[in-house]
Amino acid sequence: MGAGGALGAAHVGVGHALEQHGFRPDVGIGTSVGALNGAIAAAHPDRAAPWLEHVWTQLRRRGVYQLGFPASRAGIFTDRGLRRLIARAGLPTRVEELAVPFTAVAMDRVTGAAALLDRGDLTTALLKSAAIPGLLPPVTREGRTLVDGGVIAYVPVRAALRAGAASVVVAAAGPESSPLPATLPSRRAGAAASRAGLLLMRRQIERDLAEVSRRLPTVVLPIGTDVWPAPRGFRHSRRLVEAASATAGRFLDDLRVSGPGLYRAEDDPATATAAGHDAAASARTRRAPRSTPARAGL
């Protein structure tokens, strides 16, 4: 499960679709909000979607993002709200106690290396993975300062490969992992910077998907949203859930997997341009039938 802040509500809809198709994960990997959702799925592998929906339908922005003391300078917000959210999620104390093996991905703020957190205190692991630089405080343990894993692994498929996965099912959320808008953005400074960040993150995601899909069947589930709300607002959670459930469900109805390759909806232009894919791999990406996004009406 990938990063995306409040857009992680789409993971709930994907969870509904997967459970309706009899899917049960063998290993869970999550980054940032995907780490929280992934931990809940790993704790309740046969009924993750109802648990996730219960958590997400109660979220409010002020309950998660609470302003900290200016003098701390560690982040604009404290992690008190996130700690309370984790406490209400029905999770065990330690990562090893989850019903399904699970890894939360964070980043070492000094070296930029990925930190794969698959043991120890679960709350601490989730706080590390979700510590958005500048917004939420980093977590220092055993001499390492760790922050949000989405900086280097927005969609943590390489961590899944390292964990020994035989195939990968990707639940991503946000414009970074969706088809790019065809229209050029405004020439204003803010819009230009936002577009540059989006392109940079998109390239990272496509590079990682291409690398892993050469070795493993890699299924990227569509979530049916092309108009995105703010990543720190929760007013649209229900719509994100419903759009993802319907769109991912239709995709899974007709999905046929036949060996390593990238399996995703054909209407994503990245299927033809993912870096490093040869002609055979590109053909495999199109085995799944076209999945028409159902706009979330945001």
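Where is the place of L135? I found L135 in the loop between α6 and β6 (139-141).

**Ground rules.** I am working on a predicted model, where local features need pLDDT of at least 70, side-chain atom pairs count only at pLDDT 80 or more, and totals for chains, interfaces and linings use all residues. Residues are numbered from 1 along each chain as its sequence is written, and side-chain values use heavy atoms, with hydrogens and water left out. Helices (H or I, at least four residues) and strands (E, at least two) are DSSP runs, numbered from the N terminus.

**L135.** L135 is buried, at a relative accessible area of 17%; buried means under 20%, exposed over 50% and partly exposed in between, with a 1.4 Å probe and protein chains only.

**T31.** This residue lies in strand β1. T31 is buried, with a relative accessible area of 0%. I listed its contacts (heavy atoms within 4.5 Å). Leaving aside neighbours within four places in sequence, T31 is in contact with M1, G2, A3, V105, S129, D148, G149, G150, A153, Y154 and P156.

**Cores.** A nonpolar core here is a set of buried Ala, Val, Leu, Ile, Met, Phe, Trp, Tyr and Cys residues joined through side-chain atoms within 4.5 Å. The largest one has 56 residues, and V14, L91, L98, F102, L126 and L221 touch the most other members. Elements that each supply at least two residues of this core include α1, α5 (80-87), β4 (102-108) and α9 (237-254). The largest share, 7 residues, comes from α2. Not counting residues up to four places away in sequence, L221 touches V14, L18, V169, V170, A248, F251 and L252. A second, separate core of 21 residues includes A3, A153, Y154 and L209.

**Helix α8.** The 25 residues of α8 should span 36 Å, and the end C-alpha atoms are 36 Å apart, which agrees. Among the buried residues of α8 are L198, M201, I205, L209 and V212. The buried residues of α8 pack against α7, β8, β9 (217-220) and β10 (261-263).

**Cavity.** I searched a 1 Å grid over the protein atoms alone: a cavity is a set of points where a 1.4 Å probe fits but cannot get out, a pocket is an open set with protein on both sides within 12 Å along at least five of seven lines, and lining residues have an atom within 4 Å of a point. Grid points are joined across faces, edges and corners, and a volume is the space filled by probe spheres set on the points. The count comes to 1 cavity of 30 Å³ or more. V170, A172, S177, I205, E206, L209, V220 and R264 line the largest cavity. Helix α8 (residues 189-213) gives the largest share of that lining, 3 residues.

**Second largest pocket.** I noted about 660 Å³ of space in this pocket. Of its 33 lining residues, F23, P25, V27, G28 and V169 are the closest to its centre. α1 gives the most to the lining, with 4 residues.

Conventions:
Expected span 1.5 Å × (residues − 1).
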